[in-house]
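Colleague: Before I use this model, I would like to go through the terms applied to it and ask what stands behind each of them.

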Amino acid sequence: MRDAEARVLQAIDDTDTVNLLAETVRVPSVTGTDAESELQHRVARVLTEADLDVDVWKLDLDDLGRRAGFPGTEAPRAEGYGVVAVTGGEGTPALALQGHVDVVPIGDPAQWAGHDPFAARITGDTLHGRGACDMKAGLVANLAVVRALKKAGVRLARPLAVHCVISEEDGGLGAFATLARGHTAEAAVITEPTSGAVITANAGALTFRLEVVGRAAHGATRYEGVNAVEVFWPVFEAIRRLEAERNRDVPAVFAGNAMPYPIEVGTVRAGDWASSVPDLLVAEGRMGVRLDEDPAAARAAFEEAVLTVAHPWLRDHPPAITWPGGQFASGRLPEAHPLLAEVTGAIADTTGARPMEKAAPYGSDLRLYAAGGIPALHYGPGDVRYAHAPREQVELRELREVTRALATLVVRRCGTL
């Protein structure tokens, strides 16, 4: 076994891995776009070249939308593809390495300091670009492992699966579709960015929409109207109070995290004319779901907080609350599951550092794997503070370290022939 580990580690080509990361970042695979499908097909070719059995299928979006547990979506899409590759061998894969190909939009181009967000610019030992951190570096680490297995000529005793999914950013449709197709594993490592830690639990996240009505009037006689912006303010204050209440006495696994279950209003739109009193405000945001909390209970708590605001206008004109888009439940690795010790051992043996166990305040595909009976955790290159930001980047040192730790884990968990 140790000889096989050494051969696989020696077979990892760091230059090839960085080049592959740059290639994937240059594909602008924003959730729901054609480029998302393009990258799935590129990834499938890489996996085929590594001699894995590859399943590529077009998602039946209508059928998935009718299934129990459908996670919701936010981005419009005309198509989507699933990609799962498995090494040879009989039986359930001993391990799945999972990563998503989609990225969020770039936002304001001016915030990228004159650089192309998809150029995969390298300065020193850092690669910059949308998706570099979240999570193409993790995706590429998974691909680098199977490339190294082929190059080293190491055959696994039990199958390894590589799951490449779409639509993680807006709900998890790709992971949901992968599990619905019957792909499974005894355990999974999702290579989301973790800054060297091991994430064994995720809070959930629910997308909400509020519609607050006012009464229109001419701006010159505003006292004849009711400004929807003004009556929204006590609603916003109630949301902040609810957020503070839900973040008291959080689990120890969130140690060091000032707010594991944030609630934020991300967009606000009101009015249609500068000299009119706005009669409608629409606000959309996300609500954190506590560990092991039923999302229905989280929605009920939010609705109670919003609909009981003490305001005379709102008593007679309560806000309309809906829950569109992604609906992430929480998820966690079962307590004392051996995967944690196996991952931390592989990390310690390849990096010399014993990683911390943590929980994350954001939703991810982890909860879908957990709900599907596949114990899962996060370990991957990158710092999540750079994700979704115009300074998105990944340290290539982390990419090298994670690739080696994953390769060691795969050989140990799957065994060799």
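**Terms and values**

Modeller: Of the 417 residues in the chain, 55% are buried, where buried means under 20% relative accessible area with a 1.4 Å probe, protein chains only, exposed means over 50%, and partly exposed lies in between. This is a predicted model, in which local features need pLDDT of at least 70 and side-chain atom pairs count only at pLDDT 80 or more, while totals for chains, interfaces and linings use all residues. Residues are numbered from 1 along each chain as its sequence is written, and side-chain values use heavy atoms, with hydrogens and water left out.

Colleague: What makes β4 and β5 a pair?

Modeller: Strands (E, at least two residues) are DSSP runs numbered from the N terminus, and two of them pair if DSSP finds at least two bridges between them; β4 and β5 (residues 126-128) are joined by 3 bridges and run antiparallel, with Thr-123 opposite Thr-126 in β5.

Colleague: Why do β4 and β17 stand at the edges?

Modeller: The open sheet has the order β4-β5-β17 with antiparallel pairing; β4 (121-123) and β17 (393-395) each have a single partner strand, so one side of each is left without a neighbour in the sheet.

Terms used
Helix = DSSP H or I, 4+ residues; strand = E, 2+ residues; numbered from the N terminus.
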